[in-house]
Each structure stands twice: as C-alpha cells, then as structure tokens.
Amino acid sequence: MLWVDGLGRGRSGFGDICMKYRTYLIFGAPGAGKGTQGKILGAIPRFFHCACGDVFRSLDTRTPVGQAFLEYSSRGQLVPDEITVKLWMAVIGDMVGLHKFKPDIDALVLDGIPRNREQAEIMTNVIDVRRVFHLTCPDREALITRLKKRAVKENRFDDANDEVIRKRLTTYENESKPVLEYYGESKVCHIDATQAPVAVAHQILSEILANP
Ligand code: ADP
C-alpha cells in the first residue's frame, strides 16, 4: 500500500496502490462550530483533526504565506487556492512523516478545507470524502453574535469587525457553499448547528457509526 504524502509523493511503500485519505469534512459558515466539533472528533483515537484556519494562524507572519494569510483574512477573503492547498498538503505530509496522522488506521477530519470548488477539485486525488457534516445555522445574526464572542475570547482579529464578519459570511455563501454540490446530496449530512455541542457531536458520531 502506498500513501500519498500530500505533495503527491508516495510514502511507506507496502505495495503499489496509491491510497487516498479516508476523510470526513466538517462544513459550515464561520461561527457554526466546525472547530469545536473537529476538536471533539480529533480527541477520539483513530481520528486525526486538521483545521485549515489553525494551520494559517500558526504561521510566522513574517513569511510570504503568513503575510498572504494576514492580507486576505483581514479582508474576509479566502487565501488563494494554490497557496492554501500547497501549505495544507505540506502540513499533512509532515504529520504522516511524524506518524501523528497514520492514514492506514486513522480517519482524517478536516475543517475549513476544501473551502471552494477549486480546492475540492485539487484535493480529489488525495482525499476520499466519506461524509460531509454540514452544520447549518440559517440565522445569520446568531452566527455574528457567536463570532463576536469568539473575537474577544480567542483574540481573532478577523471576527472583531462587523464589516469583515459580513464579508466572511458572503464569501461563505458565494464561494464555499458550492462545495456541498460538488460532493452531492448523498454524501452530505445536514445538522442543526444551533443545538448544544454535545447534541451536534452525537449526531456526527451516530452517522459515522451507522456508515463506517
Ligand atoms: P472559521 O472557523 O471562522 O470559518 P477559519 O479559522 O477556518 O474561520 O479561517 C480563518 C480565515 O483563514 C478565513 O477567513 C480565510 O481567510 C483563511 N482560510 C482558512 N482556510 C482557508 C481555505 N481553505 N482557503 C482559503 N482561505 C482559508
């Protein structure tokens, strides 16, 4: 068995078939609770959680990619696809190399990526998406309230300003939502994000257990 390391190179060859990462996507608008659910799943053995926003936030802001992140995220825009997917693939490849993510036994839980159709297309050779958990919250004002609370608690500059928040929500509607169509209704599981986190987690886990 051969695992792609994210850069398209094979790793740990037990044979010659290229395997894709078994993947669950946590999907939803900013503030819907993707990170909370990702962390819960990631704490369970045999799941490996990777949040794209966290990858960006961990960058040294003096590097070109760190600068690009600051520039785009502070305007509520997506970082360009090529930079994003390259960085994500390098990080995942490193996690495989360090044996933190063991693709032969771990499921990958992604939040924040793919965030548009183009990213989904670029990643199609690397991830085998089993289920997309769409955390729904039609009440935009409720999301805005959540984001503002988070801005204070987590020092998130992109959540602090009304104009940037509204731009992020528009970016989600126009650019990210088409990802749901890309994977198709049969893979998407809609979950009411206004429920308590434990209820959302329960629904996600029930779904995974029912369709392993
Ligand atoms: P949230 O959880 O509120 O949706 P994130 O922490 O995932 O926000 O992302 C913060 C910002 O990082 C985004 O607004 C965007 O600028 C950038 N970003 C994160 N993931 C991606 C991605 N896959 N593609 C492009 N930009 C991204």
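**Ligand shell and pocket**

The shell around the ligand comprises seven nonpolar, six polar and seven charged residues (Ala, Val, Leu, Ile, Met, Phe, Trp, Tyr, Cys and Pro count as nonpolar, Asp, Glu, Lys and Arg as charged, and the others, Gly among them, as polar). The model is predicted, with local features requiring pLDDT of at least 70 and side-chain atom pairs pLDDT 80 or more, whereas totals for chains, interfaces and linings use all residues. Residues are numbered from 1 along each chain as its sequence is written, and side-chain values use heavy atoms, without hydrogens and water.

In total, 20 residues surround the ligand (a heavy atom within 4 Å). Arg-57, Gln-77, Gly-112, Arg-150 and Arg-168 are the closest. Helix H2 (52–57) gives the largest share of this shell, four residues. Helix H3 (64–73) supplies at least two.

The distance is 2.8 Å for Arg-57 and 3.0 Å for Lys-34. For a polar side-chain atom of Arg-115 the distance to a ligand oxygen is 2.9 Å. The ligand alone exposes 560 Å², of which the protein buries 97% (Shrake-Rupley method, 1.4 Å probe).

The ligand sits in the largest pocket (more than half of its atoms within 2 Å of the grid points). A pocket is an open set of points on a 1 Å grid over the protein atoms alone, where a 1.4 Å probe fits, with protein on both sides within 12 Å along at least five of seven lines; lining residues have an atom within 4 Å of a point. The volume of this pocket is about 1,100 Å³. Its lining has 49 residues, with Gly-31, Lys-34, Gly-35, Arg-150 and Arg-156 nearest the centre.

Methods
Polar contact = N/O pair within 3.5 Å; in protein donor to acceptor, adjacent residues only side chain to side chain. Points joined across faces, edges and corners; volume = space filled by probe spheres on them.
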